[in-house]
Amino acid sequence: MEGQNYERLCSQWAAELSTQPVEELLHRVPELQPDGPGRYVLYHFGRPYHYDSTTGLVTAADGGYATVLQRLNIYTLLAYCQRDAQPTGQWVPFREVPGAGPYAPAFQRGNLEPFAATFAGHPDALRQAASALGGTPLPESDVGFQLSAFACIPMRFYFWDSDEEFPAQANILFDSGAGRFIHVESLVTLASEALNRLAQTVELPIADT
């Protein structure tokens with residue numbers, strides 16, 4: 001049912017965006033770059049996607065399959081990014097992003113806990129996955145790195161492996177102004193896509209928590 005709802009949302013966004021002047025969209029989302037007549041490219045966790053300004057459709061630019069979650073993340077960026085939005089430079093956990101409070105329990109259960117459990121005992125695999133996706137290492141935690149969900153939405157990932165006393169733990173930080181680029185609820189699905197990509201890169205199943 002959730003997948004059907006997401007597909008419906010993608011269709012609605014495609015129809016709505018196709019009627020908007022592309023000049024306005026390019027002003028709000030400058031990372032969209034021309035890549036042929038009526039076609040633009042942007043990168044989601046390093047993978048290129050095409051946006052067709054005539055049909056409103058989003059497709060994978062590498063010829064592969066674009067999942068409904070990937071397309072929904074892109075549509076939400078295109079629909080919600082505000083004019084002249086700028087990062088604040090202040091990194092905060094998800095719950096401290098303005099407006100994120102109601103979604104914080106779902107973020108903890110659906111992203112942070114599976115992230116920690118999936119890579120528990122596998123810190124080297126996490127480093128490998130982060131490097132393969134173009135992550136920039138960070139000094140804090142056992143494994144820390146920065147990835148860009150989109151050029152305008154960097155994310156910082158921190159992982160502490162389990163030991164004799166404590167289970168594995170994880171956190172994901174966002175710029176406090178991330179909600180000016182995308183609907184704040186979509187930060188949850190950005191984290192889900194990141195976890196999917198990291199786990200798939202090193203062929204680890206996502207832990208069921």
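Predicted model: local features only at pLDDT ≥ 70, side-chain atom pairs only at ≥ 80, totals over all residues.
Rolling a probe the size of a water molecule over the atoms shows where empty space is left. In this model the largest pocket holds about 440 Å³ of space. Its lining is made up of 18 residues, and those closest to the centre are Tyr6, Leu72, Glu185, Ser186 and Thr189. Four helices each supply at least two residues of the lining: α1 (2-17), α3 (68-80), α4 (104-119) and α6 (186-201). Sorted by class, the lining has nine nonpolar residues, seven polar ones and two charged ones.

The next point is His44, which lies in strand β2, residues 39-44. Is His44 buried or exposed? Its relative accessibility is 0%, and buried means under 20%, so His44 counts as buried. Apart from neighbours within four places in sequence, His44 is in contact with Tyr49, Gln70, Asn73, Ile74, Ala149, Phe150, Leu190, Glu193 and Arg197.

The largest nonpolar core has 66 residues, and Phe150, Ile153 and Leu187 are the ones that touch the most other members. Helix α6 gives the most to this core, with seven residues; α6 is also one of the helices that supply the pocket lining. Leaving out residues up to four places away in sequence, Phe150 touches Glu31, Leu42, Tyr43, His44, Asn73, Ile74, Leu77, Ile182 and Leu190.

Technical notes. Residues numbered from 1 in each chain as written. Heavy atoms only, no water. 1 Å grid on protein atoms, 1.4 Å probe; cavity = no way out; pocket = protein on both sides within 12 Å on 5 of 7 lines; lining within 4 Å. Points joined across faces, edges and corners; volume = space filled by probe spheres on them. Nonpolar A, V, L, I, M, F, W, Y, C, P; charged D, E, K, R; others polar. Buried < 20%, exposed > 50% of the residue type's maximum accessible area, 1.4 Å probe, protein only. Contact = heavy atoms within 4.5 Å. Core = buried A, V, L, I, M, F, W, Y, C linked by side-chain atoms within 4.5 Å.
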